[in-house]
Amino acid sequence: MYETSRIELSQSALKKNIRFLKRQIGKKTVFSSVIKGNAYGHGISLFVPMAEQCGLRHFCVFSADEALQAFRSKNENSRILIMGDIHDDAVYWAVENDISFYVFDSTRMKSALRAAKRVHKKARVHLEMETGLNRTGFFGTALKRAVRTMIENKEHLVLEGICTHYAGAENLSNYLRIQNQLESFNQQYRGLSEQLARPSLSRVLRHTACSAAMLTYPETIMDMVRIGIAQYGFWPSKETEIHFSTSKNPKQKRSKHHDPLVRVIKWVSRVMSTKKVKRGEYVGYGSSSLVTRDLKLAAVPVGYFHGFSRDQSNKGHVLVRGRRAPVVGMVNMNMIMIDITDVPDVRTGDEIVIIGKQGDNTISVGAFGELARCINYELLVSLPSEIPRVVVD
Ligand SMILES: Cc1ncc(COP(=O)(O)O)c(C=O)c1O
């Protein structure tokens, strides 16, 4: 490899995750794969075909530029739904290409209508309902009015879905808030029953659940679920994992020793050089790393430029020859030094695992993230898109 590090994506890990998650949601519910944030750092253009190979045909993105990347990578049967930002010009593009999108206010509704009239195609709309997250969405009479607009403009607009998003389903401390949101969703939805019963409307997909909601509150699983972090092999939080593994729901029961989610991502680099440093010297910039015994060090060409946080200076670990090797000194822009004194026979060119498994040892993003004081989500999406990604079995 010419690059200083690369990210390997495991097709078999993804297959296991999706099989497990599909078992939880049941056969009738559509599995929408959430691929915003460059597919949580995995890379949209590689991840979409991988997910399609596992049978997925629905993708949720945040913005029109992500939709464009997904559009270029997907097969013709797959559908895309934009949940967030779309520049006015991009609404035309979305309508023209059968890309569905959220409508959460009257401005977006007007754009959808305008675009549909101009390109002579129906805009595919998912109405977002406000249930307590207080971000975007219609509430109460505004929602009814939005449905009325859809019905009155049925030759230009298709109501494909009605949806909401929970305010932190990964933390059990939000239990009451989530329950109130669910109740609000069901109540407002019932309030639309007369309008939705019209023969002009085809089946409207209700969707509210993200990974944590789906795993913790099965009652949030409706006609479609929007699954992000879990498909990549990460629990949304430790709480979600513990709650799930101890749940009384038989479908949710799993062995305490077997994790049904497998990391798809592995981040690897290699040893660039090795050297010995005498006791009493310092390593790298500044004086944070006084050497207290004779050391053997290896230079690894990965630094904060590549997403290896400076918070890991003198703290983080990587794997080499199946053993953990600590970071010595400050994380530089392009390089770290690791202590290989206790790892025999390390040579230039040896594989370094920054995230993932090597031998019997694993560095999970969680552990890496804890040290870097950010959660899996934040760490994954901050992996630079320039690091080459490859699919492995
Ligand atoms: C609206 C919406 N739905 C679904 C998801 C997927 O969430 P998760 O990655 O926790 O499954 C997200 C992610 O934040 C989201 O913003």
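How many Å separate the centres of domain 1 and domain 2? Taken over C-alpha atoms, the distance is 38 Å. The legends below walk through this predicted model, one view at a time.

**View 1. Domain 1 meets domain 2.** The domain assignment of the protein chain places domain 1 at residues 11-245 and domain 2 at residues 265-392. Where they touch, 12 residues of domain 1 are in contact with 10 residues of domain 2. On the domain 1 side, helix 2 (36-40) and helix 3 (44-53) are the elements that give two or more residues. Helix 2 gives the most, with three residues. By class, this side of domain 1 has six nonpolar and six polar residues, and no charged ones.

**View 2. Helix 5 crosses helix 6.** Here you can follow helix 5 (residues 88-96) and helix 6 (residues 106-119), whose axes come within 9 Å and cross at roughly 55°. The two helices are therefore oblique to each other, and their crossing is right-handed. From helix 5, look for Asp88, Val91, Tyr92, Val95 and Glu96, which meet Ser111, Ala112, Ala115, Ala116, Arg118 and Val119 of helix 6. The residues of this contact divide into seven nonpolar, one polar and three charged.

**View 3. The shell around the ligand.** The residues around the ligand include Val34, Met83 and His165, along with the run Cys210, Ser211 and Ala212. Also in this shell are Arg226, Ile227, Gly228, Ile229, Ala230 and Pro236. Helix 10 (211-216) and strand 9 (224-227) each supply at least two of the shell's residues. Sorted by class, the shell holds eight nonpolar residues, three polar and one charged.

Terms used
Residues are numbered from 1 along each chain as its sequence is written. This is a predicted model: local features need pLDDT of at least 70, side-chain atom pairs count only at pLDDT 80 or more; totals for chains, interfaces and linings use all residues. A residue is near a molecule or strand if its C-beta atom, placed from the backbone, lies within 6 Å of it. Helices (H or I, at least four residues) and strands (E, at least two) are DSSP runs, numbered from the N terminus. Ala, Val, Leu, Ile, Met, Phe, Trp, Tyr, Cys and Pro count as nonpolar, Asp, Glu, Lys and Arg as charged, and the others, Gly among them, as polar. Axes are lines fitted to C-alpha atoms, for helices over the stretch in contact, and angles run from 0 to 180 degrees between N-to-C directions. Angles under 35 degrees count as roughly parallel, over 145 as roughly antiparallel, 65 to 115 as roughly perpendicular and the rest as oblique. A crossing is left-handed if the near helix is turned anticlockwise from the far one by less than a right angle, and right-handed if clockwise. Two residues are in contact if their C-beta atoms, placed from the backbone, lie within 7 Å. Domain bounds come from an automatic or database domain assignment.
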